Amino acid sequence: MTELKNDRFLRALLKEPVDITPVWMMRQAGRYLPEYRETRARAGDFMALCQNPQLACEVTLQPLERYPLDAAILFSDILTIPDAMGLGLYFEQGEGPRFHKPVRTVEDVERLQVPNPEKDLGYVMAAVSTIRKELDGRVPLIGFSGSPWTLATYMIEGGSSKDFRRIKAMMFDTPELLHQLLMVLAESVTAYLNGQIRAGAQAVQIFDTWGGVLSPACYKAFSLKYMAKIVSGLVREHEGRRVPVILFTKNGGQWLEAIAGAGADALGIDWTTDMGEARARVGNQVALQGNMDPSVLYASPQRIREEVGIILDSYGSGSGHVFNLGHGIHQFVAPNKAKVFVEAVHELSAKYH
């Protein structure tokens, strides 16, 4: 087992002392980088890139060559699980992900099987182990999955949605059917993340991209309940150290206390919640990750540094903060702006530790 040269990301998630605030970016390996676009062109298309462990490793490491990041995140997609369930994932130019076989009926739900991570999603496990080997202890590797609710939105809608009419109709009309689907997905995500941990992921994040479209009662019943179930089933110790779990519900700041009670080590928050207020609300229960608006990266270097300083000051002194964007980096951001951001976090955070 290679010793980690930089483990401040893992230590911050566990609220252990760090020298400076660790930083990584959601979607840090992506379309804003010219080298990523070149590798994706070589792969042929997005799914071919995800399914090639060597190329997935290549793009995972690309941002680490440019920036002094404190973590790498597996390059993959949240929709690998429904694809492995046989729904026929494909990507429409300019339209995003689509499924040939959406899940709409009792029969559709009953046909679904929990994928075997090593067999049905072996390319992801191979990517994790390849990346981990190539990192050689440089920084920790983050594995991830979509939340059951978020996966269900794509599976039922058949792709992206603005109004979520099909899944919400099922939620209100036949809630027992949706619960049946969410249970299968919770079991699938648990197995998938445990597979990633066994393959070498040193922390995992659950992306609940669409939890914020729900009412408080529906969020707790249809999203948070299943994330808590996953957390309770995850491997939390591997290779002699804790495997931290991060829950991230976009637009979920109003439910921070409830999410903090779900058993994870850290909560991701977006830019609509003040970092200092979030810390006051959750106390020492969990670490916090976030939360700069990705659009700040379109601003001048001086303004980016200023915003980093504001967020660091809002969180205040002590560990328990992993700096990140409040959502994924935009594809039109200039790579040099991301460098300003990452370097500013390290430079300006030292006085808080």
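## Basis of the values

In this predicted model, local features need pLDDT of at least 70 and side-chain atom pairs count only at pLDDT 80 or more, while totals for chains, interfaces and linings use all residues. Residues are numbered from 1 along each chain as its sequence is written, and side-chain values use heavy atoms, with hydrogens and water left out.

## The largest pocket

The largest pocket holds about 1600 Å³ of space. A pocket is found on a 1 Å grid over the protein atoms alone, as an open set of points where a 1.4 Å probe fits, with protein on both sides within 12 Å along at least five of seven lines. Grid points are joined across faces, edges and corners, and the volume is the space filled by probe spheres set on the points. Lining residues have an atom within 4 Å of a point.

The lining has 43 residues, and those closest to the centre of the pocket are Arg27, Arg31, Phe46, Asp77 and Phe91. Two or more lining residues come from each of helix H2 (34-43), helix H3 (46-50), strand S2 (89-92) and strand S3 (96-99). Helices (H or I, at least four residues) and strands (E, at least two) are DSSP runs, numbered from the N terminus. S3 gives the most, with three residues. By class, the lining has 20 nonpolar residues, 13 polar and ten charged. Ala, Val, Leu, Ile, Met, Phe, Trp, Tyr, Cys and Pro count as nonpolar, Asp, Glu, Lys and Arg as charged, and the others, Gly among them, as polar.

## Cysteines

The whole structure has zero disulfides, a disulfide being a pair of cysteine sulfur atoms within 2.5 Å. For Cys50, the closest cysteine sulfur is in Cys57, 14 Å away, which is too far for a bond.

Cys50 is buried, with a relative accessible area of 2%, and Cys57 is buried at 4%. Buried means under 20% relative accessible area, exposed over 50%, and partly exposed in between (1.4 Å probe, protein chains only).

Thr273 is in the loop between strand S9 (266-268) and helix H14 (275-282). Thr273 is buried, with a relative accessible area of 10%. Leaving aside neighbours within four places in sequence, Thr273 is in contact (heavy atoms within 4.5 Å) with Gly253, Leu256, Ala278, Arg281 and Asn291.

Val106 is in helix H6 (residues 106-111) and is partly exposed, with a relative accessible area of 38%. Val106 and Val243 are 137 residues apart in sequence and 37 Å apart in space, C-alpha to C-alpha.
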